[in-house]
Amino acid sequence: MKPEAVQIIRDEHLAISAVLYSLRYLVKGMRKGEAPNFPLLRAILDYIVSYPDRWHHPKEDKYLFSAVQRRTREADGLIGRLEREHTLGYPMVEDLKKQLVAFQGGDAQAGEAFYDTAERYAEFEWEHLRTEEDALIPIAERVLTAEDWAEIAIAFRENDNPLFGIKPKDEAETLYQRILSLTPAPLGLGKAQ
């Protein structure tokens, strides 16, 4: 039986992937001449900043990666790479946000830059998620104890940050539902184009 934490992490990866797929789908459409859906693009970037960058990746670093490193040195290089990728993603999202503002302001060059950065970011994140699932998680499943997995599951199940009164999973779910409602069918729940 798979540890609960593995399923939580995979579920979170699936949600992140779906949002990235929506971003890439929109970019492909805009490159073909479809009108930009700026509210949806902003919601996607808000989700990426709010959930993967602020909550998901830090928990992987603090709980999953450190637990594996306590049990084996065989994943040190892989974990170092994944941690670097966590830090590299944030500046790309900041660039996307700036490019989107300029694009919405009418700067055609910013639109092209946004398209290119969005596609690069989506590919970068997908490769990162695949590496975690295909390379790191199998090592973790082999070396971690039930107690390790329980600690990781508690961290990933956590809904509230009592210090700040933040409910990250609620916030992420709200943004995710907004993205679904703004994304046109057949991918989302919005009006078909």
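1. Helices H1 and H5 cross in a left-handed manner, the near helix being turned anticlockwise from the far one by less than a right angle. Helices here are DSSP runs (H or I, at least four residues), numbered from the N terminus. On the H1 side, the contact (heavy atoms within 4.5 Å) includes Ile8, Ile9 and Glu12, and on the H5 side Trp149, Ile152 and Phe156. Eight nonpolar and three charged residues make up this contact, with no polar ones.

2. The model is predicted: local features need pLDDT of at least 70, and side-chain atom pairs pLDDT 80 or more, while totals for chains, interfaces and linings use all residues. Numbering starts from 1 along each chain, and side-chain values use heavy atoms, without hydrogens and water.

3. Helix H2 covers residues 38–71. Asn37 caps its N-terminal end, with a side-chain oxygen 3.1 Å from the backbone nitrogen of Leu40. A kink of about 35° is centred on Pro52, the bend being the angle between axes fitted to the seven residues ending there and the seven starting there.

4. Helix H4 spans residues 108–143. At its start, a side-chain oxygen of Asp107 comes to within 3.0 Å of the backbone nitrogen of Gln109. Further along H4, Leu136 marks a kink of about 40°, shortly before Pro138.

Note on methods
Helices (H or I, at least four residues) and strands (E, at least two) are DSSP runs, numbered from the N terminus. The expected span of a helix is 1.5 Å times one less than its number of residues. A polar contact is a pair of N or O atoms within 3.5 Å; within protein, one must be able to donate a hydrogen and the other to accept it, and residues adjacent in sequence count only if both atoms are side-chain atoms. Ala, Val, Leu, Ile, Met, Phe, Trp, Tyr, Cys and Pro count as nonpolar, Asp, Glu, Lys and Arg as charged, and the others, Gly among them, as polar.
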